Amino acid sequence: MHYAHMCIIFAIIYIMPRPQFNRIVHEPPLYSDFKPIGVRRQNLEQIILTLDEFEALRLADQLGFSHAVAANEMEISRSTFSRLIEKARKKMADFIIMGKTLTIGGGTIHFRVNIIQCRDCGHMFKINFEQTITECPSCHSNKIINLAGGFGHGKCCI
């Protein structure tokens, strides 16, 4: 085999990262942007907390799940979950201690459930992705927001 071909094969096998599989997030976050009070956003450094990191924080720190149970819920390995929660906690500490802005979004994920919010009455309700909702069940307004759609997701999710 020619030396140049061996180098290309080596680069493909050893340098290219493994593809990241979709991680499961239960539902879209209700809020996605946070900043310290009294400081203009443009003067602050931004931290991006991916949706899978958000879900890891929710499962481990809000719900108190073990790494094994949380990993199972997200359909990832326990070691992957441990790396994910470590990154998320570092970002949260940086956000709080250094006073940066925090934006939740991005990542390769699928939602299990969607949240719909009515623009008129503010009512929020959860739906499965198989359901189609065209009006608010509370006030019957057709001005509804699909929160999963705000993250680029919708019918593609579980």
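The largest nonpolar core of this predicted model has 25 residues, and those with the most contacts inside it are Leu49, Leu51, Met74, Ile76, Phe81, Ile85 and Phe111. A nonpolar core is here a set of buried Ala, Val, Leu, Ile, Met, Phe, Trp, Tyr and Cys residues joined through side-chain atoms within 4.5 Å, where buried denotes under 20% relative accessible area, exposed over 50% and partly exposed in between (1.4 Å probe, protein chains only). At least two residues of this core are supplied by each of strand E3 (46-49), helix H2 (51-62), helix H3 (67-74), helix H4 (78-98), strand E4 (101-104) and strand E5 (109-111). Helices (H or I, at least four residues) and strands (E, at least two) are DSSP runs, numbered from the N terminus. H2 provides the largest share of the core, six residues.

Residues are numbered from 1 along each chain as its sequence is written. Local features need pLDDT of at least 70 and side-chain atom pairs count only at pLDDT 80 or more, whereas totals for chains, interfaces and linings use all residues; side-chain values use heavy atoms, with hydrogens and water left out.

When residues up to four places away in sequence are not counted, Leu49 touches Phe54, Leu57, Ala88, Lys91, Met92, Leu102, Thr103, Ile104 and Gly105, contact meaning heavy atoms within 4.5 Å.

The axes of H2 and H4 come within 8 Å and cross at roughly 95 degrees. H2 is therefore roughly perpendicular to H4. Axes are lines fitted to C-alpha atoms, for helices over the stretch in contact, and angles run from 0 to 180 degrees between N-to-C directions; those under 35 degrees count as roughly parallel, over 145 as roughly antiparallel, 65 to 115 as roughly perpendicular and the rest as oblique. Residues making this contact include Ala56 and Leu57 of H2 and Phe81, Ile85 and Ala88 of H4.

In H3, Ala70, Ala71 and Met74 are buried. These residues lie on the same side of H3 because they cover an arc of only 100 degrees around the axis, the arc being that of the directions from the helix axis to the C-beta atoms. The buried residues of H3 pack against strand E1 (23-25), H2 and H4. Just after H3, Glu75 adopts a positive phi of about 60 degrees.

A separate description concerns the strands. An open sheet of three strands shows antiparallel pairing in the order E7-E6-E8, two strands being paired if DSSP finds at least two bridges between them. Strand E6 (residues 114-118) pairs with E8 over three bridges, and Cys118 stands opposite Ile144 in E8.
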